[in-house]
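Have the picture ready and follow along.

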Amino acid sequence: MKKALIVANLAGFGNFLLSDMDILHEYGYEVYFAANASNHEWEDTRNELEKRNVRFFHIDFDTKNPFTKQNYSAYKQISKILKLEKIDLVHCHTPIAGIVTRLATVKYRKRGMKVIYTTHGFAFTSYSSKKSWFLYRTVESLGSLFCDAIITINREDFANAKKLHCNKVYYIPGAGVNTDVYRHVDINRAEYRRSIGVKDDEIMILSVGELSERKNHQIIIEALSRIQNKGKYVYVICGSGINGGTCQYLKKLAEEKKVTLYLLGFRMDIPEITVCSDIGAIPSLREGLGFAGVQSLAAGIPVIGTDVQGIRDYILNDKTGYLCKKNDADAFAEAILLLSDSSKREAMKNDCIKTAEKFDITASIEQRKKIYQEILT
């Protein structure tokens with residue numbers, strides 16, 4: 001039986017890669033998954049791997065800086081797996097795991113191994129400084145020499161990837177969102193809102209994603225502080241990292257600005273919480289796609305977001321929400337005020353749902369199957 005190795009920075013990221021594992025099983029591959037599992041929430045992923053009989057390898061990736069001794073150790077760990085397990089196909093994801101893994105595959109590609117790299121958002125974007133753009137584009141350019149295909153999940157990255165060295169570059173609408181889950185949530189919305197502390201007459205703004213500097217949650221707090229009647233708004237954030245420094249910073253900022261902030265942490269009821277919201281918010285500084293934004297749209301909830309990479313692929317001004325410059329709190333405040341009108345949100349509902357359908361998981365799976373078939377044959 002042929003063997004496939006899927007690699008990502010963090011073990012929890014494997015939840016986004018389960019459909020790839022299923023596709024490869026369907027094509028007759030024994031599937032392995034390698035990632036850093038240290039001190040990260042990934043219990044749900046672990047359970048899914050066990051269901052699929054996918055063997056897991058812990059790899060010591062440094063997920064912050066590619067140029068460390070830790071990543072040299074990760075390089076040796078990946079090399080050992082490739083040698084001992086005689087891997088036929090490698091599909092690597094995320095920037096650091098992507099470059100470390102591709103460097104480890106160089107000699108094996110000469111023997112017929114196929115290597116695919118999916119970028120979930122290049123670190124060089126239209127907002128990058130010249131130094132940052134040059135550094136990260138150089139790294140991605142180097143990595144593009146050592147793979148048979150690059151898969152991108154937004155239009156900006158697709159255009160940039162075609163300027164690199166890999167001959168086969170593809171665009172897919174992300175790993176896909178199960179839009180049905182968000183369209184058909186059966187709850188008493190008023191009761192569920194009250195269960196998380198949101199009153200009937202409050203306008204709930206929701207962000208879903210890890211608490212990190214890149215997610216830029218503070219801009220929503222700053223925007224709300226500039227709205228005259230800010231007391232009727234509640235900003236809810238769901239995501240890991242609730243015990244980190246970013247969390248403490250956001251709490252302090254909200255207290256100073258007199259903004260109501262609820263940090264709910266990692267949740268398994270995201271569809272229910274999404275349906276409870278009035279406005280989605282995805283203010284990231286960089287985002288390959290941003291599943292949370294598509295999930296809100298699938299529920300018929302308009303979204304405000306930063307005008308970057310993947311976010312601009314589905315937020316259409318005055319149709320599905322509003323795009324804002326990354327540090328423009330006034331623009332975010334204006335967008336919030338526009339969507340504070342319930343009749344306006346209702347008028348946008350159908351466009352939100354239709355746009356989300358383009359990113360449905362079924363479309364993504366079909367496209368990935370075609371890519372695998374082309375590369376593997």
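This is a predicted model: local features need pLDDT of at least 70, side-chain atom pairs count only at pLDDT 80 or more; totals for chains, interfaces and linings use all residues.

Two packed helices are described by the angle between their axes and the distance between the axes.

Now find helix α1, residues 18–26, and helix α16, residues 361–376. Their axes come within 11 Å and cross at roughly 50 degrees, so α1 and α16 are oblique to each other. The crossing of this pair is right-handed. Who does the touching? On the α1 side you'll find Ser 19, Asp 20, Ile 23, Leu 24 and Glu 26, and they meet Ile 365, Arg 368, Lys 369 and Tyr 372 in α16. Sorted by class, the contact of α1 with α16 has four nonpolar residues, one polar and four charged.

Next, hop over to helix α3 (residues 69–85) and helix α4 (residues 95–104), which pack at an angle of about 50 degrees with their axes 9 Å apart. That makes α3 and α4 oblique to each other. Here, α3 passes α4 in a right-handed crossing. From α3, the contact uses Asn 71, Ala 74, Tyr 75, Ile 78, Ser 79 and Leu 82, while α4 brings in Ile 96, Val 100, Thr 101, Leu 103 and Ala 104. Look at the classes of the contact of α3 with α4: eight nonpolar, three polar and no charged residues.

Five of the residues in the contact of α10 with α11 are nonpolar, two are polar and two are charged.

Rolling a probe the size of a water molecule over the atoms shows where empty space is left. The second largest pocket holds about 280 Å³ of space. Its lining is made of 15 residues, and Ala 299, Gly 300, Ile 301, Glu 346 and Lys 349 lie nearest the centre. Which elements give two or more residues to this lining? They are α8 (179–183) and α15 (342–357), with α15 supplying the largest share, four residues. Overall, the lining of the second largest pocket divides into six nonpolar, three polar and six charged residues.

Conventions. Residues are numbered from 1 along each chain as its sequence is written. Side-chain values use heavy atoms; hydrogens and water are left out. Ala, Val, Leu, Ile, Met, Phe, Trp, Tyr, Cys and Pro count as nonpolar, Asp, Glu, Lys and Arg as charged, and the others, Gly among them, as polar. Axes are lines fitted to C-alpha atoms, for helices over the stretch in contact, and angles run from 0 to 180 degrees between N-to-C directions. Angles under 35 degrees count as roughly parallel, over 145 as roughly antiparallel, 65 to 115 as roughly perpendicular and the rest as oblique. A crossing is left-handed if the near helix is turned anticlockwise from the far one by less than a right angle, and right-handed if clockwise. Contact means heavy atoms within 4.5 Å. On a 1 Å grid over the protein atoms alone, a cavity is a set of points where a 1.4 Å probe fits but cannot get out, and a pocket is an open set with protein on both sides within 12 Å along at least five of seven lines; lining residues have an atom within 4 Å of a point. Grid points are joined across faces, edges and corners, and a volume is the space filled by probe spheres set on the points.
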